[in-house]
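Hello,

Here is the structure I promised to pass on. Please open it and keep it beside this email as you read.

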Amino acid sequence: MKIGNLQVNTPIALGPMAGVTDWAFRTVCAELGAGVTITEIGPNAFRRQNFDNVSVAFGVDLKKISDNAFYGLSGVKGLDFTQATSLKFIGKSAFEGSNITSIDIPKVSIIGERAFANCYNLTNINLENVEEIEAIGHRVVHGGPFFTESVLVTDEVMAVLEKCVSYAP
């Protein structure tokens, strides 16, 4: 990519500041050959969207999945977060009511309440680094009677969560 007389080797991504710059900036960046880096999936980004059997992979720079980001999402064959090793936060109801069947998350610190609630097709949640989870919100997998509010994850909490597996969709 070349900006003026400055040559920048790819991969590199330029992005507008949310609410400050606009479509024109994005267009110029694309025309200059900038790559794409996604660090956050915003609130309601894919809420109630219907796709035709697509798969989407997210890269290493993804740090946050905001509240309701994939709420009610349908028609997606797969959401691949295996490369999202910088992921720290999954927001409230992030995947609630979506039709995902399986999700692999290599690393996360906080999972918001109801993150996977009402995901009736979800049969597998693979959290590869469970020891790095600091907090799990209330009713992450809707139906567990043991927690009525958010808790810090301790060994005792993990033992009770294992008892809740049968409540998960």
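Keep in mind that this is a predicted model.

Start at Ser66. Setting aside neighbours within four places in sequence, Ser66 is in contact with Glu40, Ile41, Gly42, Pro43, Gly91 and Ala94. Where does Ser66 sit? Ser66 lies in the loop between strand S5 (64-65) and strand S6 (74-80). Is Ser66 buried or exposed? The relative accessible area of Ser66 is 2%. Buried means under 20%, so Ser66 counts as buried.

Now the sheet. Six strands form an open sheet with mixed pairing. Their order is S3-S5-S7-S9-S11-S12. Strand S3 (40-41) and strand S12 (151-152) are the edge strands, and each pairs on one side only.

Look inside the sheet next. Strand S7 (residues 89-90) and strand S9 (residues 110-111) run parallel, joined by two bridges. Which residue of S9 is the bridge partner of Ile90? That partner is Ile111.

Last, the core. In soluble globular proteins, nonpolar side chains tend to be buried together. Here, the largest nonpolar core has 26 residues. Ile90 is among those with the most contacts inside this core, along with Ile65, Phe70, Leu79, Phe81, Phe95 and Phe116. The elements giving two or more residues to the core are S6 and strand S8 (102-105).

Best wishes

Notes. Residues are numbered from 1 along each chain as its sequence is written. This is a predicted model: local features need pLDDT of at least 70, side-chain atom pairs count only at pLDDT 80 or more; totals for chains, interfaces and linings use all residues. Side-chain values use heavy atoms; hydrogens and water are left out. Two strands pair if DSSP finds at least two bridges between them. Helices (H or I, at least four residues) and strands (E, at least two) are DSSP runs, numbered from the N terminus. Buried means under 20% relative accessible area, exposed over 50%, partly exposed in between (1.4 Å probe, protein chains only). Contact means heavy atoms within 4.5 Å. A nonpolar core is a set of buried Ala, Val, Leu, Ile, Met, Phe, Trp, Tyr and Cys residues joined through side-chain atoms within 4.5 Å.
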